[in-house]
Amino acid sequence: MQRRSPASRTRRSLLPRPSSPRTATLVSLDAEAAALRELRESLTRNPREIPSKYFYDDAGSDLFEKITELEEYYPTRTERALLEARASAIVASAGGSHLTDVVELGSGSASKTVALLDAAMVAGARPRYVAVDISPRAHQLTREILARARPEVPVEQVLADYTKPLELPRKPAGGRRLVLFLGGTIGNEENDSAVKLLSRMREHMEPDDLFLLGANLVTDPAVIHLAYNDPQGITAAFNRNLLRNVNAVSGSRFDPQAFHHHAPYVVEKRRIEMWLVAREEMEVDLGWIGTRLKLARGEGIRTEISRRFHRDEVLRLVDAAGFTPERWIESADARFGLALGLARGSLRGV
Ligand code: SAH
Ligand code: AVI
């Protein structure tokens with residue numbers, strides 16, 4: 001239970017104190033004010049929520065990388081294998097030697113993207129890679145991975161929240177752009193915001209540029225459940241760490257250990273829901289969010305949805321966002337799919 005009033009602290013800056021060993025994932029002072037409003041609004045919603053982008057402070061990005069290496073977490077290796085097997089076909093659809101620009105949203109460490117950059121170079125293209133991510137740590141991992149693996153590829157990094165209006169480096173004239181949204185991250189959005197997000201991506205593309213979307217597919221509920229309930233507790237640590245980031249961003253005083261990780265697969269909604277559930281009744285000082293949060297024992301805060309799709313749902317999303325579905329690539333175990341969409345001239349379907 002946290003009871004110190006925010007008034008007893010000096011509110012000099014919303015940025016973490018210089019001595020703080022943690023990095024809050026905020027981009028600007030405007031973003032700080034917006035984050036406090038967003039947290040207040042989401043924490044007072046029914047059910048209470050914290051947006052999943054708050055997972056990704058430095059520690060959260062490192063924990064996510066650990067998750068991707070877990071035996072139980074199948075999506076990353078499944079998508080990696082698909083990308084490696086089909087990279088040259090994807091690059092051919094994206095313009096082959098005319099491909100000048102690979103842009104990735106929520107790029108993380110970008111370790112899977114290397115296969116596509118390689119295929120582009122084999123096709124005779126010399127693409128620039130533009131990585132967009134909210135996490136400075138993810139960008140650092142990308143720099144390390146690409147400097148080691150493909151030092152010849154020029155890399156530009158955009159530290160930004162892709163749910164907000166986004167400025168990207170201009171596409172080189174006359175070239176083709178390939179936009180990537182991988183990892184199944186689209187499944188972290190409800191339908192309306194998924195279409196909105198993909199439509200925003202379409203705005204950064206010209207007709208005939210290619211969009212590649214990775215999506216988790218409906219499969220055995222037990223397999224899905226285990227992927228978010230690993231016995232090592234890495235996903236639980238990732239979930240609780242979100243509260244540390246929220247504390248750093250907002251001056252709130254959540255005690256992560258006072259919550260347990262709860263991640264059921266909700267069959268009828270075809271999605272994992274990640275929750276942090278209060279072990280005891282508590283009242284949390286929300287710092288600069290400007291209020292206190294009362295939670296009953298057993299009351300939860302939802303931190304993420306992770307949807308599983310049927311192929312046609314993915315293709316409908318792609319179409320609704322202004323892309324003509326061009327190709328569908330699915331893993332042999334039917335757990336993961338890649339949809340390729342060509343940017344349409346008119347935005348039919350939006
Ligand atoms: N695409 C990578 C990483 C997936 S994890 C992969 O497939 O492994 C999700 C990534 O998206 C994280 O790196 C996180 O920092 C980033 N992210 C989440 N929400 C974001 C947002 N609103 N804006 C920008 N990046 C975001
Ligand atoms: C980034 N996103 C696609 C991951 C997922 O599986 O929904 C985040 C994650 N949450 C728990 N484990 C991984």
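Which side chain has an N or O atom 2.5 Å from an oxygen atom of ligand 2? It is the side chain of tyrosine 73, and the legends below place this contact in its setting.

This is a predicted model, in which local features need pLDDT of at least 70, side-chain atom pairs count only at pLDDT 80 or more, and totals for chains, interfaces and linings use all residues. Residues are numbered from 1 along each chain as its sequence is written, chains are lettered from A and ligands numbered from 1 in the order in which they are written, and side-chain values use heavy atoms, with hydrogens and water left out.

**Figure 1. The protein chain as a whole.** The protein chain holds nine helices and 13 strands; helices (H or I, at least four residues) and strands (E, at least two) are DSSP runs, numbered from the N terminus. Along the principal axes, its C-alpha atoms fill a box of roughly 60 × 45 × 40 Å. The radius of gyration of the protein chain is 20 Å, which agrees with the value near 20 Å for a compact globule of 350 residues; this radius is taken over C-alpha atoms, and the globule rule is 2.2 Å times the number of residues to the power 0.38. Of the 350 residues, 55% count as buried; buried means under 20% relative accessible area, exposed over 50%, and partly exposed in between (1.4 Å probe, protein chains only). The accessible surface of the protein chain comes to about 15400 Å², and carbon and sulfur atoms hold 50% of it; accessible areas come from the Shrake-Rupley method with a 1.4 Å probe, and for residues only the protein chains shown count as cover. Among contacts with a separation of 6 or more, 74% join residues 24 or more positions apart, where contact means heavy atoms within 4.5 Å.

**Figure 2. The surroundings of ligand 2.** Ligand 2 is surrounded by 14 residues, the closest being Tyr73, Asn188, Tyr228, Glu304 and Ser306; a residue is near a molecule if one of its heavy atoms lies within 4 Å of it. Besides the contact with tyrosine 73, a polar side-chain atom of asparagine 188 lies 2.9 Å from an oxygen atom of ligand 2, and one of serine 306 lies 2.6 Å from an oxygen atom of this ligand. A polar contact is a pair of N or O atoms within 3.5 Å; within protein, one must be able to donate a hydrogen and the other to accept it, and residues adjacent in sequence count only if both atoms are side-chain atoms. On its own ligand 2 has 340 Å² of accessible area, and the protein covers 98% of it. At least two residues of the shell come from each of α2 (58–68), α8 (234–250) and β11 (300–307). The shell divides into seven nonpolar residues, six polar and one charged; Ala, Val, Leu, Ile, Met, Phe, Trp, Tyr, Cys and Pro count as nonpolar, Asp, Glu, Lys and Arg as charged, and the others, Gly among them, as polar.

**Figure 3. The surroundings of ligand 1.** Around ligand 1 there are 18 residues, with Gly106, Lys112, Asp133, Asp161 and Tyr162 the closest. Oxygen atoms of ligand 1 lie 2.6 Å from an N or O atom in the side chain of lysine 112 and 2.5 Å from one in the side chain of aspartate 133. A polar backbone atom of glycine 183 is 3.5 Å from an oxygen atom of ligand 1. Taken alone, ligand 1 exposes 560 Å², of which the protein buries 94%. Six nonpolar, seven polar and five charged residues make up this shell.

**Figure 4. The loop between β1 (99–105) and α4 (114–122).** Alanine 110 lies in this loop and has a positive phi of about 65° although it is not a glycine. At 3% relative accessibility, alanine 110 counts as buried. Threonine 113 belongs to the loop between β1 and α4 and is buried, with a relative accessible area of 1%. The side chain of threonine 113 makes a polar contact of 2.5 Å with the side chain of glutamate 104. Leaving aside neighbours within four places in sequence, threonine 113 is in contact with Glu104, Tyr129, Leu180 and Leu182.

**Figure 5. Histidine 98 and its contacts.** Histidine 98 lies in the loop between α3 (74–93) and β1 and is exposed, with a relative accessible area of 52%. Gly175 and Arg176 are in contact with histidine 98 when neighbours within four places in sequence are left aside.
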